[in-house]
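Please read it alongside the sequence and the coordinates.

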Amino acid sequence: MSLYLWFALMVITSFAWIIWFLYRPLKSNKINLESSNIALGKQKLLELEQDLHQNLIDEKQFNQAKEEVSTTLAIELQQVSNIQNNASNNTWVLILILVLLPVMSIGVYQYLTPESNMSQPLESAEKPLSLEQSANKIVQYLQTNKNDSEAWKMLGLTYFELGKLDLSIDAYEKSYQINPKDPRLLVEYASMMISATSDNQFSDQSVKLIKQALKIEPNAPDALYLAGMFAVSQRDFVLTKGLWQRALSALPEGSIDRAVLVNALSELKTVEESKNTPEHSVSVRVDVSDKILKSRSSEDFIMIYVKAAKGRPMPIAIKKIKLKDFTGQMILTDQDSVIQNNQLSTHEQVIAVVRISATGSAMRGVGDIQVLSKAINVANNPSIHLKVK
Amino acid sequence: MLIEIGHFALVLALIFALLQVVLPTIGIIKHDVVLSGLSRPLLWMQFFWILIAFAILMNAFVMDDFSVKYVASNSNTNLPSIFKMSAVWGAHEGSLLLWALILATWSVAVSVFSRRLPAEVLNYILIILGLISIGFLLFLLLTSNPFERLDIVLVQGRELNPLLQDFGLIIHPPMLYMGYVGMAVPFAFVLSSLIRGQLDSTWLRWSRPWTLIAWAFLTLGIILGSWWAYYELGWGGWWFWDPVENASFMPWLVATALVHSLSVSEKRGAFKHWTVLLAISGFSLSLLGTFLVRSGILTSVHSFAADPAKGLFILIFLVIVIGGSLALYAWRASLMQSSNTFSLLSRESGLLINNILLVTAMLSVFLGTLYPLLLDALGLGKISVGAPYFGAVFVPIMIPAVLVMVIVSFLRWKKDTTRRLTGLLKWVWVGVGLLFVISALLTDNISVLLAIFLFIWIVAHSLVLLFQRLNQKGSMSLAFIGMICAHIGIAVFLLGATVTSQYGVERDIKMDIDKPITIAGYDFIFKGVTRLSGQNYQGNKGHIEVYFEDEKIADLRPEKRQYVTGMPMTEAAIDPSLYRDIYIALGESLEDDSWSLRIYYKPLIRWIWLGGLLIALGALLATFDRRYRLRVKG
């Protein structure tokens with residue numbers, strides 16, 4: 001049944017309702033103002049007697065109050081008009097309503113509803129729009145609503161479904177420019193970028209988006225999943241496992257995503273088992289003298305890193321923390337490696353460096369304090385002790 | 001298509017509201033009983049179409065119809081079904097629709113249950129209610145259409161404010177609206193009397209039960225809001241003197257004055273001017289509250305609409321309602337002359353003093369709420385008016401009001417003497433004095449001592465009154481029991497509010513696993529935090545064991561949730577009891593598995609809401625008093 005047939009049915013129902021009560025009026029309770037006020041006046045007198053009985057009024061005041069009730073009733077009865085009511089022929093009402101009800105209801109409805117909306121429900125109810133039509137509609141909408149981030153996102157998704165990848169990324173970029181703080185958009189945009197490459201490569205931009213999403217919502221499962229995928233691409237399975245387990249704990253029981261993640265984790269386990277490369281670590285305990293502590297701000301940074309005993313002085317693995325948060329010990333592992341292809345475990349001998357810096361910059365600056373260890377063998381998983389005096 | 005039917009149903013409701021005003025008015029002018037009698041059927045149809053519109057909107061939420069802007073903005077597929085339903089009134093447009101539905105419900109209730117009211121009076125009342133309904137339906141259709149379609153259909157909606165995803169939202173707004181909108185009924189009774197030029201016993205008698213019900217709902221709405229804020233906002237507070245809270249408190253104070261003023265007017269024919277003005281201001285303050293909340297003037301969890309157009313509409317409506325009714329009052333003022341006299345010491349005077357104190361208290365809240373807004377609007381700077389102001393101004397006004405409240409019940413109508421009164425109550429006062437001295441040995445806190453004194457004062461007087469009446473055969477009535485109940489409710493509330501604010505303990509602490517911490521005599525042991533996953537949120541759930549005198553009394557599990565929109569929420573864990581609450585809110589993760597937590601010890605806090613419930617119960621009991629079942633023969 002079309003919309004206007006429904007409207008007609010509603011108007012007819014309304015009309016029938018009025019007609020029914022116009023010709024079969026509701027029975028009146030036959031109470032008029034006069035009888036109501038008399039009954040209430042009598043009750044007031046009874047209540048007054050009850051008040052006297054309960055000692056809530058004395059005899060003299062009772063008599064005066066009684067008179068006041070009678071006087072009030074007399075005034076009230078005087079005010080009542082005695083005009084007789086009648087029931088006249090109301091055919092004019094019938095005609096008026098017959099004309100006005102449909103005209104007014106449809107007129108007001110049309111006045112309140114934009115033309116586009118009037119046709120939209122019928123269209124959408126009868127035939128869903130094709131993807132191409134949807135994209136055109138969204139583009140049309142965006143001409144007047146340029147700052148609707150959701151609409152740009154939808155356009156990006158629609159273009160992606162249509163296989164128009166460049167247009168899809170453009171639309172996502174616009175959505176991102178408008179609303180760069182929506183973690184869902186960031187993840188969706190990143191996955192769109194990854195899907196757009198021929199072999200699902202992570203670009204710098206997609207990694208940046210994932211990191212940004214995790215910064216806003218550290219436990220967003222989809223962002224953690226993508227971050228895990230990136231870690232897989234870097235062959236960092238420990239990190240992958242950690243990220244996916246976090247994602248798993250964030251997902252509700254019974255969700256499809258959860259099942260996918262459980263599968264992925266079991267595959268990861270198989271890969272990990274086949275990986276025989278031993279992992280090494282260097283534990284560095286640092287004592288900072290009170291004198292140094294007093295001379296530095298608690299906001300200064302303490303950096304602990306290892307560099308190759310021979311060769312380039314670039315840090316291999318590094319950890320940086322504010323002085324106020326430092327607990328006295330740090331362990332450097334492959335996960336702290338600066339470059340993925342230059343992992344701590346692949347080095348035979350390294351030198352540990354402790355630096356206290358106001359800026360936390362990678363380069364040694366003026367006023368920075370630095371202490372170095374002797375060359376140490378990585379294969380022994382050494383634990384060393386350095387003093388900063 | 002269903003959405004368009006819902007929208008059209010609202011249009012039809014507006015037309016029926018118009019007809020409800022126009023046809024019976026013509027009928028009254030032409031003395032035609034058929035036309036004037038149409039007010040009831042037209043109202044019922046108006047109610048029917050609003051109900052249809054409401055049901056369709058609720059269905060759109062349940063079915064996740066994100067083609068509707070309002071649904072897409074306030075719900076998503078992950079939202080639990082129960083909150084999808086309550087999300088209907090979770091934001092501006094839907095709550096306005098609920099408002100219109102409740103107004104129609106009140107009107108239908110008046111049309112059905114006012115069998116003892118002369119038809120001519122009822123018709124006038126329904127015309128006034130129809131006029132108010134027109135205002136709200138126009139507001140809905142012109143500025144706040146809940147059925148507005150989106151040009152593009154979203155595959156997923158946004159999130160309902162997580163603060164509102166709570167049982168409190170399901171019941172607090174409908175209850176409060178029942179109170180707010182309920183104030184339209186005594187207003188309609190007054191206006192119909194002013195228009196008819198007959199400020200008679202009929203109006204006074206039959207408007208009182210409706211005022212009592214509205215007052216009961218307003219009380220329930222306010223205490224539910226307070227309870228919700230307590231357990232949901234995670235601050236452990238129960239009242240913040242927030243302007244939106246004040247907006248509901250002001251009509252409550254006026255409604256309190258009105259139920260008492262009406263009792264004098266209907267029994268003794270006095271204070272008619274006062275009663276009329278209270279009825280007008282009660283509903284006007286309800287509208288003012290709506291204006292403050294909906295206009296975007298106030299920023300709080302309640303402010304759904306920051307739209308000046310909406311604010312302007314309500315402001316105009318407010319001006320028409322207040323201006324129109326006051327003009328009508330001025331025109332008919334001469335009809336309210338009364339020759340009924342009473343002396344300075346009488347029940348009438350006592351109730352009048354109490355009324356004046358209540359209205360003064362309301363004005364102090366009014367000033368504290370609107371003054372900062374006014375200064376801001378005039379560019380004279382921003383000031384914050386909070387608890388210190390209300391503590392210094394509102395509380396001192398209410399203390400004499402509470403003292404007088406129970407004395408009035410012992411006073412005689414028209415005239416009494418201090419000799420009789422002191423003779424009657426001297427032993428009560430001696431008893432109150434003795435009990436107060438004993439309690440003074442237990443504490444030296446002045447505020448608590450004052451609260452204890454007022455508590456004993458109210459309870460002692462109420463019980464003495466009760467025993468007096470029990471000894472008088474046939475003098476008990478539901479109205480009387482209701483009054484005792486409500487007055488004791490005030491006492492319970494007072495003591496609870498004072499003790500919890502004076503003796504409550506609040507601690508922001510860092511807790512390490514298995515290291516006990518003692519607060520207010522209770523030992524708290526933090527057992528750690530586990531991950532938490534809900535339908536539309538994730539988070540952490542803490543576990544704290546609570547011991548008292550080495551005996552474990554509770555395992556509390558406060559939550560910190562992160563909703564899919566990214567909004568964080570604190571779900572406090574509470575160990576409730578009638579004499580104290582232990583309240584824990586989870587803070588942030590710190591180093592080494594330690595967490596920051598907020599622990600509150602809240603003595604007698606439940607008494608606040610228990611007091612409120614007693615007040616509401618008292619009002620409901622009084623509503624069903626036999627006086628309102630009087631049979632009037634035609």
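**Notes on the predicted model**

1. In chain A, four strands make an open sheet in the order E3-E2-E5-E6, and the pairing is antiparallel. The edges are taken by strand E3 (315-322) and strand E6 (369-377) of chain A; each has a single partner strand, so one side of each is left without a neighbour in the sheet. On average, and with direction ignored, neighbouring strands of this sheet are turned by 15 degrees against each other. The model is a predicted one, and the points below should be read with that in mind.

2. Within that sheet, strand E2 (residues 301-308) of chain A pairs with strand E5 (residues 349-357) of chain A in the antiparallel sense, over eight bridges.

3. Chain A as a whole has 14 helices and seven strands. Of its 389 residues, 29% are buried. Among contacts in chain A between residues at least 6 apart in sequence, 54% join residues at least 24 apart.

4. One helix pair in chain A can be described in detail. Helix H7 (residues 149-161) and helix H8 (residues 165-178) of chain A pack with their axes 8 Å apart and at an angle of about 165 degrees. Angles over 145 degrees count as roughly antiparallel, and H7(A) and H8(A) are therefore roughly antiparallel to each other. The crossing of H7(A) past H8(A) is left-handed.

5. Which residues form this helix contact, H7(A) meeting H8(A)? From H7(A) come A:Ser149, A:Trp152, A:Lys153, A:Leu155, A:Gly156, A:Tyr159 and A:Phe160. H8(A) contributes A:Leu165, A:Leu167, A:Ser168, A:Ala171, A:Tyr172, A:Lys174, A:Ser175 and A:Ile178. By class, the residues of the contact of H7(A) with H8(A) are nine nonpolar, four polar and two charged.

6. A:Lys215 belongs to helix H10 (residues 204-216) of chain A. Is A:Lys215 buried or exposed? With 12 other C-beta atoms within 10 Å, A:Lys215 is exposed, since a residue counts as exposed at 12 or fewer.

7. Next, the interface. Contacts between the chains involve 69 residues of chain A and 58 residues of chain B. On the side of chain A that touches chain B, the elements giving two or more residues are helix H1 (3-23), helix H2 (33-53), helix H3 (59-79), helix H4 (91-112), helix H5 (115-126), helix H6 (131-144), H7 and helix H12 (237-250) of chain A. H2(A) gives the most to this side, with eleven residues. The residues of the side of chain A that touches chain B comprise 35 nonpolar, 23 polar and eleven charged.

8. Chain B also has an open sheet of four strands, in the order E1-E10-E9-E8 and with antiparallel pairing. Its edge strands are strand E1 (505-511) and E8 of chain B, each of which pairs on one side only. Neighbouring strands of this sheet are turned by 20 degrees against each other on average, direction ignored.

9. How many of the ten residues of strand E9 (residues 580-589) of chain B are buried? Seven are, so E9(B) is largely enclosed by the rest of the structure. In a regular strand, side chains alternate between the two faces of the sheet.

10. The two neighbours of E9(B) are taken in turn. Strand E8 (residues 573-575) of chain B runs antiparallel to E9(B) and is joined to E9(B) by three bridges. Opposite B:Asp575 stands B:Ile582 of E9(B). The link from E8(B) to E9(B) is a hairpin through four residues.

11. On the other pairing, E9(B) and strand E10 (residues 595-603) of chain B run antiparallel and are joined by eight bridges. B:Asp581 has B:Lys602 as its bridge partner in E10(B). E9(B) and E10(B) likewise form a hairpin, with five residues between them, and B:Asp592 in the turn has a positive phi of about 55 degrees.

Technical notes: Residues numbered from 1 in each chain as written. Chains lettered and ligands numbered in written order. Predicted model: local features only at pLDDT ≥ 70, side-chain atom pairs only at ≥ 80, totals over all residues. Buried ≥ 20, exposed ≤ 12 C-beta atoms within 10 Å, placed from the backbone. Pairing = 2+ DSSP bridges. Axes fitted to C-alpha atoms, helices over the stretch in contact; angles between N-to-C directions. Parallel < 35°, antiparallel > 145°, perpendicular 65-115°, else oblique. Left-handed = near helix turned anticlockwise from the far one by under 90°. Contact = placed C-beta atoms within 7 Å. Nonpolar A, V, L, I, M, F, W, Y, C, P; charged D, E, K, R; others polar.
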